[in-house]
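Please examine the sequence and the model together.

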Amino acid sequence: MATLIDRAQSHLRKHLPTDIAEHVHVGGYRDGVLTLITDRAAWLTWLRYEQPRLLKLLHQLPGFEAVLKFSLKVRPVRPIKAAPRQPRRLSPAGADALTHCAEGLEDSPLKQALSRLASHASSPADEQ
């Protein structure tokens, strides 16, 4: 179903005017009804007038011949925000403990990883 919705989304975006295409999203498909979501009421009004043309466009896609009508909804689309980066600091005492632990190991990937990790410790000058 997700593949069908993605195909409908890309097909509609190719055939919609560029100023509207980024504001129209396919929300789902069930029982012959395709849900279109837009972020503004003005685009919803435009979609209402364009329903016959959009239905013809969708009927060109395999798997969407059975679309009978649209369910049109207005919902604000919130952009995905990246989580703020939380830098972690390693104290000099932690670095010493890691270095001491690495010294007790034979030459191995674990020893190399611990040494690399210890090298990321903040110096006393950084903490002031």
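This is a predicted model: local features need pLDDT of at least 70, side-chain atom pairs count only at pLDDT 80 or more; totals for chains, interfaces and linings use all residues.

Strands of a sheet pair through backbone hydrogen bonds, either parallel or antiparallel. Here, three strands in the order β1-β2-β3 form an open sheet with mixed pairing. The edge strands, β1 (24–30) and β3 (69–74), each pair on one side only. From one strand to the next, the twist averages 25 degrees. Strands β1 and β2 (residues 33–38) run antiparallel and are joined by six bridges. Within this pairing, Val26 stands opposite Leu36 in β2.

Helices also pack on the sheet. Helix α1 (residues 2–15) touches β1 and β2, and its direction makes about 140 degrees with that of β1. Helix α3 (residues 41–59) touches β1, β2 and β3, and its direction makes about 160 degrees with that of β3.

The account now turns to a contact between helices. Two packed helices are described by the angle between their axes and the distance between the axes. For helix α4 (residues 92–103) and helix α5 (residues 109–118), the axes come within 8 Å and cross at roughly 160 degrees. Because an angle over 145 degrees counts as roughly antiparallel, α4 is roughly antiparallel to α5. The crossing of α4 and α5 is left-handed. On the α4 side, the contact is made by Ala95, Leu98, Thr99, Cys101, Ala102 and Glu103; α5 contributes Lys111, Leu114, Ser115, Leu117 and Ala118. The residues of this contact comprise seven nonpolar, two polar and two charged.

Conventions. Residues are numbered from 1 along each chain as its sequence is written. Side-chain values use heavy atoms; hydrogens and water are left out. Axes are lines fitted to C-alpha atoms, for helices over the stretch in contact, and angles run from 0 to 180 degrees between N-to-C directions. Helices (H or I, at least four residues) and strands (E, at least two) are DSSP runs, numbered from the N terminus. Angles under 35 degrees count as roughly parallel, over 145 as roughly antiparallel, 65 to 115 as roughly perpendicular and the rest as oblique. A crossing is left-handed if the near helix is turned anticlockwise from the far one by less than a right angle, and right-handed if clockwise. Contact means heavy atoms within 4.5 Å. Ala, Val, Leu, Ile, Met, Phe, Trp, Tyr, Cys and Pro count as nonpolar, Asp, Glu, Lys and Arg as charged, and the others, Gly among them, as polar. Two strands pair if DSSP finds at least two bridges between them.
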